[in-house]
Amino acid sequence: QITTLINHKDKPKRSDKTLQAIQRVGQAVNLAVGRFVTVGEAIANENHELKEEMSVACIEARRAGETIAQLTDVTSLDHPESDSHITIFTDKTGVVKAARLLLSSVTKVLVLADRIVIKQIITSRNKVLATMEQLEKVSSFQEFVQIFSQFGNEMVEFAHLTGDRQNDLKDEKKKARMAASRAVLEKCTMMLLTASKTCLRHPDCESARINKDGVFHRMRLALEQVIEIVTDSRPNGENEMAPISIYSGIKEFKNKVEGLRENLYFLSKENLSTMLEVILEHTEDFTDSAYTSHEHREHILELSKQAKMELEQLVSVWMQAQNQKTKDLMEDLEVAILKTCQCMNELKREVHSAATSLAADLLKYHTDHMVLKALKITGVEGNLEAVAEYTCKLSEQKEQLVEMCRLLRHVSGTEPLEITCIHAEDTFQVTGPQIISAAETLALHPSSKIAKENLEVFCEAWESQLSDMSLLLREINDVFEGRRGEKRVYLSLPRPGKHNANLKALKPVKLDTEEQAKIAKLGLELHLLTSDVDSETEKWEDQENEIVQHGQGMSSMAYSMYLFTRGEGLLKTTQDLFHQAEIFATEGTKLASALHALSDQVYDDDKSLLLLEAEKLISMCKQLQITAKASAQGKSATFTKVDACILKTRNVMTLLCQLLPLCCKLLRKNKAGNGCLKPAPPWKEDRIRSGTNARTPERRVDTSGIKSLENHVTNMTFLESK
């Protein structure tokens, strides 16, 4: 809007329409600044150390907004008495100055607000570290329960703060690093619980102590990495050394080679030769690997040799072209460039094939988790000799998977995927020895329930990482083949005249900026609830379950409604929103039917609770349908109806957040208790993919298992009973 004002061209004739448009833009800028400054002032009041700086910046911004509004007040120009009134037409430099002041003051407010957010994250991290130190020193179960409860709450707060920060990051590499660190913290929270309990139960057991120390060490490293990302710094002023992959090396090399078409003198032949040497050094990771097939090894060596020859030919023609630019030489140079690039493409294809075929074979081979099952059985039997045998096999498996991750990193294609490969490598590297120490503890104390539970937790982490690798492999193949993964979007857009006979009589309207501001808080609450619901649905083993599918559909529709409150997304008018609310309510009623079906399969005590929640859901959905179908005439009535629809949708989503974990718990309980429920279908890669990608690209938000952290805290009572 400011750019529109600055670039406005003076014309001798000014229509009323032009004057009104200019005034509207000026007023909109002033209104937006007012809202922005109100938030800034609220932040200033809560943070006294920056209050003065923030207040000054807010005052400057407000003054600049008001100046722009005054200079664009041009509707009275047609009246003779307004000749002395200064406007954008008589003082354009005034608008430019006000715009500059506005942009600098707004930037200042944003920077100060950002400093506050960083400080909040650091403070939260310090709280977590302090409580971790207490947890390491506890010697009784009662003390541990109290401190872990506090720790859980602090971790939930830290997860919320870092989750918001991750969403705000623009650098995809930092975003991937943050996601990896937060994933470590989420998984380690449960590990810390069981490892600490095992240590308390068996205080003289060396393997239990090693197991616990490993978890604490990994959590501290993850916390440190989060702070490095947030503050954009490294300890001791070190520079971050980004690992170079074969893909990124080939891409840069080809760019330099192709750049010779435009400029023959912008780099030296030594520079190009060094770049190729680095790439070929990295191919040794493949040729030296014991897991690379003989065929792939031979092809890679052959292409490496060919690449050197093609570069020599290119350099020869290039040097001649620098001395004498003839047509023939330039044609020879073009041929040499094409042949060099083609050779590099073939090398890239070969290493990709080598890495992905190895990964596919290993993942297929290890899907049965036979070694983990054997460790659990021999541990419970107290068979130390057998445990030692299977720990050797697990160590071999770990080496294979670590090597697989290293090779996949070379061909991942994007920096975020490279970081995901590095994270996977670290996870296998650390979790392997932790499983071994947990298995040794169980073998030494075969009757210990807590030692058995501890081994289960570490084995689950290993299995989870293997499942993640299948998804990662698919993404790497998508990037290589030029597909970035189609995202399934749940759409239920209205078609006027088809769904409702009365639609023709209604004029579709949009929310204006003031109405959007009023409803923003409600919309944000709805957004947070959709993230919570997504987090809950992802925990279900059976992604085809009817309850999960209805929950995902409702979450997707609620997210569309949230986007509407921001003036974004596929719902363009209030009528679109009302129709979406009707379909949302219908989906909720279908979910209630699924809950009734589930109630027939559970115990009596659980059945009454489930039926009660289902009736609540039906009642809330009926209320939403009535509100969505009610007629509303006039702007004020329409906005009231929009507000009511969003509010009632939020209430349904709040109930859904409680229902999903309850249903998941009942299914597991019945499955374990009387086997009356059908077992979950076998895991399928496409099922996981459709579950995680059931949202538009902009929805791809990682909640770092905030709900699961909260569940760790609420489930602490079982420790006291023990």
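Predicted model: local features only at pLDDT ≥ 70, side-chain atom pairs only at ≥ 80, totals over all residues.
**View 1. Glu403 and its contacts from elsewhere in the sequence.** E403 belongs to helix α13, which covers residues 384–410. Is this residue buried or exposed? With a relative accessibility of 16%, E403 counts as buried, because buried here means under 20% relative accessible area. Setting aside neighbours within four places in sequence, look for D285, S289 and Y291, with which E403 is in contact.

**View 2. Cys188 in helix α6.** Helix α6 spans residues 172–201, and C188 is found in it. The relative accessible area of C188 is 1%, so this residue is buried. Which residues does C188 touch, once those up to four places away in sequence are left out? They are V215, R218 and M219. Take V215 as a guide: 27 residues separate it from C188 in sequence, while their C-alpha atoms lie 6.4 Å apart in space.

**View 3. Helix α12 and its buried face.** Follow α12 through its 12 residues, 370–381. From first C-alpha to last, the helix reaches 17 Å, close to the 16 Å expected at 1.5 Å a residue. Buried in α12 are V371, L372, A374, L375, T378 and G379. Seen down the helix axis, these buried residues fall within an arc of 160 degrees, so they line one face of α12. What do they pack against? Their partners are α13, α14 (415–444) and α15 (449–480).

How values were computed:
Residues numbered from 1 in each chain as written. Heavy atoms only, no water. Helix = DSSP H or I, 4+ residues; strand = E, 2+ residues; numbered from the N terminus. Buried < 20%, exposed > 50% of the residue type's maximum accessible area, 1.4 Å probe, protein only. Contact = heavy atoms within 4.5 Å. Expected span 1.5 Å × (residues − 1). Arc of directions from axis to C-beta.
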